[in-house]
Amino acid sequence: VDAIVVSLLITSPSPSSTKRMKVNNVLTVSTFITVLYCFFHCYCCRCAALVTKTHHLSSSTKQHVAFPNQHNFCCINQNTISFSAKKSTSTKMSMAIKSGHTISCISSSLGNCHHQWERQVITFLAVSMLTLTAAGGFCYEPASAATTYAEDGSNSMRMTFDNGEVRLADPLKLNGDFSSMLLRQPRFLGSGGGGAVYAFVTKDNNDNTQKSIVVKVSWSRSTSSVIKECAILRYMEQYNIRNVETCLNQAPYTEDSKRVMIAMKPLVDDESVSSVSLLQNNDLQELAVRYIIQTMIQMLSANVVTVDVQPLISTKTGNVLFIDMTEAKILEQQSGHFSFLDLALVSNFCSEMLTLIPEPLTSFASNVLLEEIKFGGEHLSEEIYDIIRSQTSFMSQECLDYIDAKIGS
């Protein structure tokens with residue numbers, strides 16, 4: 001039965017920020033089957049402790065993942081989802097995955113849950129979250145597009161997607177919650193589960209110069225997520241978190257008050273990639289790694305995490321911009337501790353960020369991590385320090401000692 005179910009799982013590459021993929025019904029069905037399979041196959045998992053480990057393979061084709069005895073496992077490869085939920089009598093479990101891929105494993109120790117249904121529900125939710133992350137973002141190409149012209153010289157762009165239609169006037173007056181903006185020259189950038197994304201040109205109120213911004217139009221079912229994205233971006237702006245978008249405005253969608261539009265900056269017009277390894281020289285790669293680690297520590301310090309991390313890395317400057325915070329969340333502690341699921345989100349976020357770092361730059365990354373923790377990690381909790389320690393395979397002894405001192409203090 002396992003072989004039949006696993007054969008239904010679809011291998012899906014991570015979506016590029018510049019080249020959006022059209023998701024067919026097979027991927028949607030396979031993801032649904034994956035979630036159901038994980039629920040039934042991982043029913044014996046326990047919720048006393050959650051440990052996730054991530055390993056990036058550069059050349060070998062098999063990775064041994066070490067966990068304590070009598071633990072259960074749910075493992076997710078970056079491009080192929082695999083599962084094992086059997087009681088282990090050894091301290092190692094091996095899984096063969098392709099070179100250059102990443103594997104994330106949830107291990108939950110036995111016992112200490114009061115009810116069986118608690119173990120089932122918590123495991124189901126945690127693994128479902130990681131499963132959808134591993135499957136990649138659902139991106140849609142427009143089924144049709146048209147531009148109409150009015151006698152007064154104004155234009156209108158209309159595009160039809162699987163999730164609905166988007167109609168935008170040119171010029172578009174955005175009477176938002178924070179300001180009023182006049183936007184011109186809409187240009188389609190891409191779309192995903194949160195909405196359709198466009199570039200517009202507007203005038204800067206300070207110096208009257210033209211600038212480009214990004215506008216996301218939500219779908220009917222994603223309105224609350226897009227509103228939350230703007231709120232979280234403005235929250236991160238208060239904490240001066242770098243390398244993320246800034247939400248400039250929020251307004252009802254002009255054609256449907258049940259939908260919403262948000263305006264953001266900056267717009268990345270330079271050629272960009274999603275992998276540090278694709279940058280042409282070592283200086284640009286080191287700069288990108290510094291920005292990645294800096295953003296990770298700053299977000300964790302503000303108790304913000306996201307899933308399905310999407311970086312745009314400029315091939316000219318090495319600057320990094322993390323986009324699409326629709327699934328981001330502000331974590332809240334209860335009685336000085338994060339919840340089980342929040343720790344799962346933290347662990348997954350750290351693993352996604354750290355796997356952006358190429359293996360040849362791990363020594364440099366270790367030094368940067370220590371710098372950023374010393375400079376901006378004063379608000380990190382012991383639980384988050386512990387996750388950073390367990391997730392980071394390239395940490396120097398000095399960095400380990402520093403984190404151990406923080407955990408023990």
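Two strands count as paired if DSSP finds at least two bridges between them. Helices (H or I, at least four residues) and strands (E, at least two) are DSSP runs numbered from the N terminus. This is a predicted model, in which local features need pLDDT of at least 70 and side-chain atom pairs count only at pLDDT 80 or more, while totals for chains, interfaces and linings use all residues. Residues are numbered from 1 along each chain as its sequence is written, and side-chain values use heavy atoms, with hydrogens and water left out.

**The six-stranded sheet**

Six strands form an open sheet in the order β9-β10-β11-β12-β14-β13, and their pairing is antiparallel. At the edges lie β9 (172-175) and β13 (246-253), each of which pairs on one side only. On average, neighbouring strands of this sheet are turned by 40 degrees against each other, direction ignored. Axes are lines fitted to C-alpha atoms, for helices over the stretch in contact, and angles between N-to-C directions run from 0 to 180 degrees. Helix α4 (residues 223-238) packs on the sheet and touches β12, β13 and β14; its direction makes about 30 degrees with that of β14. Contact here means heavy atoms within 4.5 Å.

Strand β12 has these pairings:

| Strand pair | Sense | Bridges | Residue pair |
|---|---|---|---|
| β11 (residues 195-203) and β12 (residues 210-218) | antiparallel | nine bridges | Val201 and Ser212 |
| β12 and β14 (residues 256-265) | antiparallel | four bridges | Val214 and Met264 |

**The chain as a whole**

The protein chain holds nine helices and 19 strands. Among contacts between residues at least 6 apart in sequence, 67% join residues at least 24 apart.

**Confidence**

The predictor's confidence in each residue is given as pLDDT, from 0 to 100. Its mean over the protein chain is 74, and 61% of the residues reach 70 or more. Among the elements, helix α1 (residues 2-7) has the lowest mean pLDDT (34), and helix α5 (residues 282-301) the highest (98). Over residues 1-28 the pLDDT is below 50, and this stretch has 51 contacts in the model beyond near neighbours in sequence. Residues 41-114 also have pLDDT below 50, with 190 contacts in the model beyond near neighbours in sequence.
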